[in-house]
Amino acid sequence: METMSWGAELWDQFDSLEKHTQWGIEFLDRYTKFIKERCEIEVNYAKQIRNLSKKYQPKKSLREEEESKYTSCRAFLATLNELTDYAGQHEVIAENLTAKIVSELGRYIQDLKAERKSHFHDGRKAQQHMENAWKQLESSKRRFERDCREADRARQHFEKMDADINVTKADVEKARLQAQMRAQIAEDSKSEYSSCLENFNQEQNQHYHTLLPLIFQRIQEMEERRVEQVGVCMKTFAEVERQVLPIVGTCLDEMSRAAESIQPKADSQQVVECYKSGFEPPGDVEFEDYGLKRTASDSNLSHTRSRSKSKLWPFIKRNRLMSLLTSPRQPPSPTLFTAIP
């Protein structure tokens with residue numbers, strides 16, 4: 001792409017360039033503010049992630065110790081620990097953005113302001129010089145014009161005196177000398193005006209074709225460096241986050257491995273080991289006859305009490321209580337009672 005020269009293309013836009021370069025500095029200030037707010041977001045996000053991980057860390061209690069026996073609980077704990085490291089990477093992003101962009105841009109903006117001030121000071125100084133040269137030229141021109149009018153009046157006065165027969169020769173001679181003097185003054189003013197005009201044209205040519213283009217070129221280079229700096233900062237903005245991606249990826253890989261370490265069968269076996277009583281399930285309940293028994297010698301048909309006892313399962317009482325709690329309206333099991341005499 002062909003590069004346009006500001007000195008050639010914008011030779012009459014000094015004020016516009018001054019406004020544009022001021023806007024460029026304001027743009028850098030705005031971009032710096034954007035990076036600062038991004039850093040605040042990263043810091044706050046990391047803080048919230050850390051607090052979340054801390055909130056769900058296991059406490060020193062019996063229940064937490066029991067949970068640590070299960071692979072799913074251990075995997076969750078590993079995920080929380082990796083989440084803490086993950087939060088740390090967002091803090092690294094904020095720190096690097098502050099060091100590599102915010103701080104660097106702060107110094108660059110100060111240097112840019114000083115450089116811009118110097119260039120436009122030179123430009124205004126050159127403009128002021130041309131304005132003074134123009135005023136000097138105008139003054140010389142007006143003086144030449146005035147002297148020409150005075151010389152013309154003196155000449156006309158001499159011609160009038162010379163044609164008047166009633167005027168003495170002394171008065172005519174005086175008018176002639178006055179006309180010659182005015183003519184000489186006008187000639188000197190003309191030479192001065194011509195010299196001033198020549199100098200002005202030389203300075204104006206140098207101003208618009210040498211000095212001002214040089215100043216504008218420096219301003220253009222300054223502005224192009226500013227735009228380049230914006231590109232560098234935007235690239236750094238992406239690279240700062242890209243640099244932590246491997247560590248973030250490692251944290252996520254560890255979370256995945258923690259999830260893969262979960263063993264449902266092992267957790268089921270752990271439940272057995274935690275709650276197994278060691279007792280055998282109860283066998284069949286035998287039939288017990290609670291009817292009346294008779295003997296030939298017992299004419300009174302006396303009743304006898306069965307001496308046999310039920311064989312109860314060791315936890316039958318506890319099971320009965322649990323049954324009553326869960327189903328209070330069910331009748332009690334007959335195995336809980338012995339024969340009534």
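Helix 5 has a kink of about 45°, centred on His-207. The bend at a residue is the angle between axes fitted to the seven residues ending there and the seven starting there. Helices here are DSSP runs (H or I, at least four residues), numbered from the N terminus.

This is a predicted model: local features need pLDDT of at least 70, side-chain atom pairs count only at pLDDT 80 or more, and totals for chains, interfaces and linings use all residues. Residues are numbered from 1 along each chain as its sequence is written, and side-chain values use heavy atoms, without hydrogens or water.

Back to helix 5, residues 169–260. At 1.5 Å a residue, its 92 residues should span 136 Å. The expected span is 1.5 Å times one less than the number of residues. The end C-alpha atoms of helix 5 are 132 Å apart, which agrees.

Now helix 4, residues 71–163. Helix 4 kinks too, by about 35°, centred on Thr-98.

What does helix 4 meet? The axes of helix 2 (residues 14–55) and helix 4 come within 8 Å and cross at roughly 165°. Axes are lines fitted to C-alpha atoms, for helices over the stretch in contact, with angles from 0 to 180 degrees between N-to-C directions. That makes helix 2 roughly antiparallel to helix 4 (angles over 145 degrees count as such).

Last, the rings. Phe-14 and Phe-120 form an edge-to-face pair, 5.3 Å centre to centre, with 70° between the planes. Rings of Phe, Tyr and Trp (its six-membered ring) pair if their centres lie within 6.5 Å; planes over 60 degrees apart count as edge-to-face. Phe-14 lies in helix 2 and Phe-120 in helix 4, so the pair ties together parts 106 residues apart in sequence.

Note on methods. Helices (H or I, at least four residues) and strands (E, at least two) are DSSP runs, numbered from the N terminus. Angles under 35 degrees count as roughly parallel, over 145 as roughly antiparallel, 65 to 115 as roughly perpendicular and the rest as oblique. Rings of Phe, Tyr and Trp (its six-membered ring) pair if their centres lie within 6.5 Å; planes under 30 degrees apart count as stacked, over 60 as edge-to-face and the rest as tilted.
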